Amino acid sequence: METVFINTPLGIAKLEGDEMGLSNLTLLDSDEKLTDIIPEELEDAVYQLHEYFEGKRTQFSLTLNPEGTDFQKKVWLALEHIPYGQTISYLELSKNLGDTKAIRAVAAANGKNPLWVIVPCHRIIGSDGSLTGYAGGLQRKKWLLEHESPAKQQSLF
């Protein structure tokens, strides 16, 4: 398993993966030494993340290999189908998966997503439109949603 640390607008990101795909992307609250030489297995992920944060990429095309239960993987796959710049509620996600009664299990699986940003769990909001839990903190979730918003705030000066 290869590991890299890169700088992003949200702090240091830790990426882990191997020839089978990217298995983990976490935004850290601590300082880590940035990686000087990116292993070949992670080059594409690093490149695509930089493009995303520069506003040049709206969809990732990477081989993903997260560890989780079959149910968690089903939820994470559904997250990948939420279009850039859009949000849905936990209830809508549960409906999309065919079981509105599974809303708590869906929310729990969403919270265990090991591939933040790339598998866009930040696009899930409360039924009332509120920002609800995000493992990376609500300030990061808010930043990601604003970054993806089609209506960018304009400066008057």
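The side chain of His-122 makes a polar contact, at 2.9 Å, with the side chain of Glu-148. A polar contact here is a pair of N or O atoms within 3.5 Å; within protein, one must be able to donate a hydrogen and the other to accept it, and residues adjacent in sequence count only if both atoms are side-chain atoms.

This is a predicted model, where local features need pLDDT of at least 70 and side-chain atom pairs count only at pLDDT 80 or more, while totals for chains, interfaces and linings use all residues. Residues are numbered from 1 along each chain as its sequence is written, and side-chain values use heavy atoms, without hydrogens and water.

Where is His-122? His-122 lies in the loop between helix 4 (103–111) and strand 5 (124–125); helices (H or I, at least four residues) and strands (E, at least two) are DSSP runs, numbered from the N terminus. His-122 has 0% relative accessibility, so it counts as buried, meaning under 20% relative accessible area with a 1.4 Å probe, protein chains only.

Next, Cys-121. The UniProt annotation "active site", from an unreviewed entry, covers Cys-121; such annotations may be inferred rather than shown by experiment. Cys-121 counts as buried because its relative accessibility is 4%. Leaving out residues up to four places away in sequence, Cys-121 touches Leu-79, Asn-110, Asn-113 and Tyr-134, contact being heavy atoms within 4.5 Å.

Note on methods
Buried means under 20% relative accessible area, exposed over 50%, partly exposed in between (1.4 Å probe, protein chains only).
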